[in-house]
Structures are given as structure tokens and as C-alpha cells.
Amino acid sequence: MDLRFGDSKPTDEERAAVDALLGPPESSWEGADRSDADLRWARGGREARDRRDQLLPALHALNDRVGWISEGALDYVCRRLTVPPAEAYGVATFYAMFSVRPRPATVLHVCTDLACTAAGASRLCAAVESRLGPESGVKVERSPCLGLCERAPATLVIRAGESARPAQEDTPARPAFEDEAVQAEGGSGGAAPGDGGGTSRSSEAESGGGKGRRGRNTLHATAICAPATPDRAIAAATAPESAPTEPAPEAAVPQTGDTNLTLLHRIGTADPPSLDDYRAHGGYTALRRAFALGPAAVIREVTDAGLVGRGGAAFPTGRKWQATAAQPDHPHYLVCNADESEPGTFKDRVLMEGDPYALVEAMTIAAYATGAHRGYLYLRGEYPRALARLTHAIEQARTRGLLGDDVLGQGYAFDIEIRRGAGAYICGEETALFNSIEGRRGEPRSKPPFPVEKGLFGKPTVENNVETLVNVLPILTMGAEAYAAIGTPTSTGPKLFCVSGTVARPGVYELPFGATLGELLALAGVRDNLRAVLLGGAAGGFVRPDELDIPLTFEGTREAGTTLGSGVVMAFDDTVPLPRLLLRIAEFFRDESCGQCVPCRVGTVRQEEALHRIADRTGAAAADDIALLREVGRAMRDASICGLGQTAWNAVESAIDRLGAYE
């Protein structure tokens, strides 16, 4: 039996929010007023079902306009898309940024994750909660990592409603309260010829919301306050005009101006919104060389360069591209994973905000090499400025013939659609991300089949994260041999590291593979009384202060019994209570587990319970619970379906074994 919403009806505002995305309903079967014709036959059902992938954008449209998703609104979305109510409810309740219970239009998210915890987030949150009561019209929510670790502690204000101005690009000097239209489907539009999907994915221009692309705008305003104090956070939430100015992206790059930078050289030098400035600084040179080489030669260059995925798995990028390009099934899809949600990670945000056209160009090259004509950029919902910058960049590239039916006059068609995430760490896993785009719960799929065979919409799909794709540009401009000469023979090229915590100069650093952890921390200005360093984020592991000679390569960290992960480096001095930090990691994995498999669903809860019990105990008093933690950790590592459960015990284990956290 399916879920029923009874007599709940959508309000006019809720209808307007959904219709702005999907277009007006064509029959009563889709939510229009009933007519005599509708009593004789059903029509539109198949077309509506083919738009199942519009479920997440529709939920965003409601959340952006109203602030929460009512039963009547959800029922209306179900009718529009012919989605069973129980499935739609499951999707709406899966994401942390949505609410199916009434809440104020203004929500103040206070980050309580690792870097912010070390910077006093608990005190900040308590002070804000005590001063913002129900009468303030502001809902305070404790949030996982907001990707602002270099400016901890951080807050994000989201104000729903239709009071914003039309979408326009911000400048570094603009106030942080973006007060602009943010697209539920930023930059989406009709599919390029050759897509061949046969559904709304290849005919979105006919689906109402896709008409002219402008119909997909939903209006909400955001404000980032970081580093935050109670006064500044409350002002940002209650008085938009007094919101603090958000710094330019180059403020997060301490090496700005260094002529030796490869991936970050345009940040702070080129104007992010300007396509002309991007091209003046070498932009689109790589794409022109890709067209000169041809798809097979581009893949060969990427393979010879030794590029591996920068998201943590370190899978060879050239092999992934070749496997996708060789698939006879069509269409092929390209997916950029910009949903970086690992606590301590913010490099992709800085790249997207400071050099958005680089990602657009890199996605175009990847699609050309793998035979894709459609790309999806899955972007964190907590990144409003990145959304505005990328939306602008995609529109400019499309207008100037760098996206669309005939890219650079080469007869190749490719376009990009932005899909906003809604607060789910698990969607960083590639197959969970595919499910999210398709309008389903973001739960990982069993493998095989692998995405290169059956990925997004059941078609061959290549998925890479932002940093991986941006590395393709220097490979093509300098050549595979010169690129491979950077770093070590097995870890080639430059790597971005997100340094935060108790350091003097937190931010994104670019170093060649092979530099040591100590060299990186020296650049960041490590403080006295260093207690521990966390590599790889919550899914990584701790190392001691006497282990700073670890080479920052995939093989070097593996030999040292830890992991490089996505490049997170978080330093903690002896003022940070380590047991509280471990408990926060356990809480994070408990909250972010999708619950699909028993080892992870139960194991993350048992891990948190044990850490609660031993928070103030050491030695023999904690021995039984530590033994239980080891047993639960092994079960999660061996039997979980995806990397979340498999790595949920890593940081706790390393803290016990390497740091003696409970001795």
C-alpha cells in the first residue's frame, strides 16, 4: 500500500513554484482542473514518468520558495511527475536541507564539524540558539561541514521566498548576502543533438520548465558568515543589509601570485566572471588542442600523464575514459562530482568560485574524449556563490559557441546542466549521485555493473570530481610527458591540499606529489604544541607530530598506514579535546549513513554509543568498549556496500592505535 496525503492541497505559491520549473499541467492527471476530456481518457502519464529526474529540482523549487515541503505540495509534485507518494516522501526526507515539517523561511545553519568544532562552534551555536527564539522567525540548525574550513567557525543563512533580484553574477566586493535568483537547474536547457535519450532528457525544451531556460529560476537568498561570531551570525540572519562581505576566492589561496602554480594560477589573477579574461590567461587552449588531437589521442595523453582520480580512490582516469568511450551503448553521459562533503574539504569550492570556466572547459574535453553530448554538474547545495559563478559561466560559454550544438565550430555538440545537491554526504559516492540525479534516494548501487557500462539513466557514464577534471587542462597544454615529470613516478602531477585547524595560514595549497607533510604544514604555519594531524578528513586517519616526514603521495601515505584521501590536512594542538573530536566523527557517520546496508546502518550507531560511554574514561575502564569498537569497525569495513561504512572506523582506529586517545 502506498502512502496517502489525504485531503492536503498545495497552496497557490507552492503550485507556482513547481509550475515555474515543470510548466503548467496539461491535464487533471497531472494536477490541472478536471475537464470532460480528462474523464474519457488518461494522457500525459508516460511523459510525466519520463521526467522522474525532475523530482529533486522540484523539491528544491518548493524549498527555495516556501522554506519547507508540505504534504499538499509533495502530493502535487507526485501528480506532476507520476511518482508514487511513498517514493517522493523517501526522497524528500533523505536530504538534510529539506524539511517536511513547517519551519520559518529563514534557516541559520551553524557548522559543527571538525574544523569548526576546534574553532569553538559549540559555544557559537549555544550563543546563537539562546538569542534567537521562536519569535525571531529564524530556525537554527546544527550542520555538518559547510566547506568553509579555512574560515572556521562558519554559518550559512538560507532565506526562502520570492524577494530576490534576477540572477546576476556577483563580484568579490559584493556583500555575502547574495540576494539573487539561484537556479534549481542552473544552466540547464535542451539537450544537444546526438544525445539520443528518447525521453525528457533529450527533449527538455519541450517540458515546460526547459523553455528558454529562464523558467527554471527559483528565488532564495543566502548569506555566508565566516569566521562567525554570535553577533555577526545573528545579523546575517535577521538583517540582510548588514551581512558581512564574503572575501574573494583568492583569500583561500595563500600561494596567490606564485608563478609556479599550475591548477591555481588564474585564481586572483583572472576575473572569475569574465570569459575574455579567462581566454587571455590561456583559457580554451586545451580544448583547441583536444579537437586537433581527436578523442582517442586525448585519452592517450591523459593515460600517459598518469592522472588518477583526486577524490580519494585514485583510479586511473585514462582507463575510466577509455572504458566509457569503448561502450557500444549510447548515449554516453559525463558527470562532474562537485558535491565535496568530506569534512575539511573545500578545494573544489575554491576552484569553482575562482576559476569557473576552467571546469566548463575541462568537462567539454572529457565529454569529447568519451563520446558524451550531455554533462551533469552535481553541485553541493551549500555552495551558493559557486552556483552563481558556474551558472553564469555556462550561459556565457553557450552564448559564445563554447557549448551547444557546434562547439568551437567543430561539429561537436555538448551542453552542461547543473544539478543541486541537498545535503547528503553519501551522494559523493558515484552511484548514489546517479540515483540522486534520477530522482531517487541517494543510495549506492551494487557493482558490477560498473558506471562505465551502466551508469546514469542506465547508460555508459564517466564520473570525475572537479580537481581531477581541471588537471586535464595542463596535461593538454604542456603535454603528457611534462605533466608526468611533476611529482613522483607513481603519483604524477600537482595536488591540492585543504589545510585547516590550528595553523596560521589555512587554505588551499598546491604542491607536487612527493612533498612531505611537514613541508606543507611549514607553509601553513603550524602552531606550537601540535597534538595530531588528520589526513583525508573524517574518512581518513590521524598521524602523530613525529610523523611529519610522510610523503604526500598515494603510495607514501599507504605505506605509512594512513590515507591521502581527497587532500584534507587538519592540524590540532593540545587545546582540542581529542575524545570530543572522535565523537563528532562518529556522529557525522551515523547521520550520513544512508541506512541501506545493515553493517553501516547499525555499526555507525554502535560506534557512536561506545564513544559516548568512554568519552571520560581511559585505560582498563575503556577496554571493553574499545574491543567492541574494533569488532564493529571490522564488520563495517568488511561488509558495508560502499566507502562510507568501509571507512567510518578509520579515524577512530588511528586515534586509538597511533595517538593513544584513551590511554
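Select Asp-574 first: leaving aside residues up to four places away in sequence, Asp-574 touches Asn-529 and Arg-531, where contact means heavy atoms within 4.5 Å. Asp-574 is found in the loop between strand E14 (568-573) and helix H22 (578-592). Helices (H or I, at least four residues) and strands (E, at least two) are DSSP runs, numbered from the N terminus. Asp-574 counts as partly exposed because its relative accessibility is 49%; buried means under 20% relative accessible area, exposed over 50%, and partly exposed in between (1.4 Å probe, protein chains only).

The model is predicted: local features need pLDDT of at least 70 and side-chain atom pairs count only at pLDDT 80 or more, while totals for chains, interfaces and linings use all residues. Residues are numbered from 1 along each chain as its sequence is written, and side-chain values use heavy atoms, with hydrogens and water left out.

Next, display the sheet. In what order do the 4 strands of the open sheet lie? The order is E8-E7-E6-E9, with parallel pairing; two strands pair if DSSP finds at least two bridges between them. Strand E8 (415-420) and strand E9 (461-465) are the edge strands, each pairing on one side only. Strand E6 (residues 332-338) pairs with E9 in the parallel sense over 5 bridges. Within this pairing, Thr-461 in E9 is the bridge partner of Tyr-333.

Now select Tyr-333 together with Tyr-376. Rings of Phe, Tyr and Trp (its six-membered ring) pair if their centres lie within 6.5 Å; planes under 30 degrees apart count as stacked, over 60 as edge-to-face and the rest as tilted. A search of the whole structure finds 15 aromatic pairs. The ring centres of Tyr-333 and Tyr-376 are 6.2 Å apart and the planes are at 55°, so this pair is tilted. Tyr-333 lies in strand E6 and Tyr-376 in strand E7, so the pair ties together parts 43 residues apart in sequence. Tyr-333 counts as buried at 1% relative accessibility, and Tyr-376 counts as buried at 0%.

Move to Tyr-368 and Tyr-412. Their ring centres are 5.3 Å apart and their planes at 75°, so the pair is edge-to-face. Tyr-368 belongs to helix H14 (residues 356-370) and Tyr-412 to the loop between H15 and E8, 44 residues apart.
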